[in-house]
Amino acid sequence: MQFIDPHIHLFDRNKGNYHWLNDSNQPYWPDKAIIARDFDERDLCVDSPLTLKGFVHIEAGFNNEQPWLEIEWLEQHVKGPFKSIGHADITLGPVEFKRLIDRYKRYSSVVGVRHIFDDEAVDIVGHPNAMINLQLLAEARLLFETQVYGSDGASVDTIVKVCEANPKLVVILSHCCFAPNSTSRLTKWQNNMKRLSHCSMLYIKASGWEMADREYDEKYIEGTLKYLLTTFGIDRVVLASNFPLTLFNKPYNSLWQQYSELFIEKYVLRKLMYDNALMLYQF
């Protein structure tokens, strides 16, 4: 079974900064040492009958002051098929932001940019430059990736606002918007996912399960995925890993093996594991 992984990070700690990987910096994860080393495409190993046909590299804090340096490093070192999402601060002055995205468009792998919102969505999008820059992104036909907490109504309101103001902007939300692995916040998350589903250019990455719960199990994946497919349909959901953070729970091969064995119709599984990412990331 062939697949494209639309969410991985590679590290070269001799070349990049990666401040967030240092023990003294946030996030203060007790298990951070598991991923605080170099990773390259040779670490993306899977066993037959699985075949990795390509991946999307998501910016990993290589150099947020000169984020194009990460793209240059990738294009010099990666041998297999890949696309990349670069770092971009959407609160930059519009002239500086336009200069950045024009620079990104010179690289063959770049298909979009990411600015992580987490719980700061309201403040970031409320910045006077944010909506101007998102419009510039839409005009440049670049994707916009971010992550928010789907249980937080204010963050979801902000994403809906972004989509309504920029109907041509493709927005991709990572890690299932941190779907809760408990019943206490599940209804709120489900209701907010329904609201997001009305944004026709918005896609969801089913990934990063370990970000919500290091001890997640197959039930969590299947329950979350079933709801996302019911809500967004089979064309706007993609399965991804979040490697190397996947190692907080299991090896890379084990995750994709688990995906391939999900109780989902084969043609739907092919869309989630390959077809949707092929289209969305312009392979």
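Contact here means heavy atoms within 4.5 Å. The model is a predicted one: local features need pLDDT of at least 70, side-chain atom pairs count only at pLDDT 80 or more, and totals for chains, interfaces and linings use all residues. Residues are numbered from 1 along each chain as its sequence is written, and side-chain values use heavy atoms, with hydrogens and water left out.

**View 1. Arg-37 and its contacts.** Look for Arg-37 in the loop between strand 1 (2-8) and strand 2 (51-58); strands are DSSP runs of E with at least two residues, helices are runs of H or I with at least four, and both are numbered from the N terminus. Leaving out neighbours within four places in sequence, Arg-37 is in contact with Phe-11, Arg-13, Asp-43 and Leu-247. Pro-244 sits 207 residues away along the chain from Arg-37, yet their C-alpha atoms are separated by 9.8 Å. With a relative accessible area of 40%, Arg-37 is partly exposed (buried is under 20%, exposed over 50%, partly exposed in between, using a 1.4 Å probe and protein chains only).

**View 2. Leu-239 in the largest nonpolar core.** A nonpolar core is a set of buried Ala, Val, Leu, Ile, Met, Phe, Trp, Tyr and Cys residues joined through side-chain atoms within 4.5 Å. The largest one has 83 residues, and Leu-196, Leu-202 and Leu-239 touch the most other members. Helix 8 (residues 218-232) gives the most to this core, with 7 residues. Setting aside residues up to four places away in sequence, Leu-239 touches Ile-4, Pro-6, Ala-206, Leu-225, Trp-256, Tyr-259, Leu-262, Leu-269, Leu-272 and Met-273. Another core, of 14 residues, lies apart from it, and its members include Val-56, Ile-58, Leu-143 and Leu-280.

**View 3. Stepping back to the whole chain.** The protein chain has 10 helices and 8 strands. Its radius of gyration is 18 Å, close to the 19 Å that the globule rule gives for 283 residues, so the chain is as compact as a globular protein of that length (the radius is taken over C-alpha atoms, and the rule is 2.2 Å times the number of residues to the power 0.38). Of the 283 residues, 55% count as buried. Among contacts with a separation of 6 or more, 80% come from residues 24 or more positions apart.
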